[in-house]
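Take a look at the chain below.

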Amino acid sequence: MSETRDSRSAILVNRILGKEGILEQFRLTRYYEKPFQTRRRINHEKCKAIYNEDMERKIQFVLRKNRHEPFPGCH
């Protein structure tokens, strides 16, 4: 019984720390990261953020409902 309670609380703590970004920060500062790896990681994060933003915009466009003209610009 206590093992399941401990595992549930551990999962809850990990989830909270993951949402706050603390686990990721811990993983990044655990070992030395060479400058070229830092630049690559930062550039990848920027590209990923731009891609995710564009995809979210496209998904929201497709999911819109009750549009007067379903596909504006297409005749």
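**Salt bridges, overall form and surface**

R41 and E45 are joined by a salt bridge between their side chains, at 3.3 Å from N to O. This is a predicted model. R41 and E45 are four residues apart in helix 3, so about one helical turn separates them. E45 is partly exposed, because its relative accessible area is 35%, which lies between the 20% and 50% cut-offs.

R41 has another partner. Its side chain also meets that of E33 in a salt bridge, at 3.0 Å from N to O. R41 counts as partly exposed, with 23% relative accessible area. E33 is partly exposed as well, with a relative accessible area of 23%.

How many salt bridges does the structure hold? It holds three. One of them pairs R57 with D54, whose closest N and O atoms are 3.9 Å apart. Both residues lie in helix 3, three residues apart, which is about one turn of the helix. R57 is exposed at 53% relative accessible area, while D54 is partly exposed at 32%. Shared partners link E33, R41 and E45 into one salt-bridge network. Why can such pairs form? Side chains of opposite charge can pair when their charged atoms come close.

Now step back to the whole chain. Its secondary structure consists of three helices and zero strands. Read from the N terminus, the order is α-α-α. The radius of gyration is 21 Å, whereas a compact globule of 75 residues would have one near 11 Å. Along the principal axes, the C-alpha trace spans about 60 × 45 × 15 Å.

What share of the 75 residues is buried? The figure is 0%. The chain exposes about 7,600 Å², and carbon and sulfur atoms supply 58% of that area.

Finally, turn to R67. This residue is found in the segment after helix 3, which covers 35-63. R67 counts as partly exposed because its relative accessibility is 23%. Leaving aside residues up to four places away in sequence, R67 touches F61 and V62. V62 is found in helix 3. At 60% relative accessibility, V62 counts as exposed. F61 and V62 also belong to a nonpolar surface patch with F71, and together the three have about 310 Å² of accessible area. For a sense of distance, compare R67 with T4. They are 63 residues apart in sequence, and their C-alpha atoms are 50 Å apart in space.

Notes. Residues are numbered from 1 along each chain as its sequence is written. This is a predicted model: local features need pLDDT of at least 70, side-chain atom pairs count only at pLDDT 80 or more; totals for chains, interfaces and linings use all residues. Side-chain values use heavy atoms; hydrogens and water are left out. Helices (H or I, at least four residues) and strands (E, at least two) are DSSP runs, numbered from the N terminus. Buried means under 20% relative accessible area, exposed over 50%, partly exposed in between (1.4 Å probe, protein chains only). Contact means heavy atoms within 4.5 Å. Patches are made of residues with over 30% relative accessible area and no salt bridge: like charges are joined within 9 Å, nonpolar side chains (Val, Leu, Ile, Met, Phe, Trp, Tyr) within 5 Å. Accessible areas come from the Shrake-Rupley method with a 1.4 Å probe; for residues, only the protein chains shown count as cover. A salt bridge is a side-chain nitrogen of Lys or Arg within 4 Å of a carboxyl oxygen of Asp or Glu. The radius of gyration is taken over C-alpha atoms; the globule rule is 2.2 Å times the number of residues to the power 0.38.
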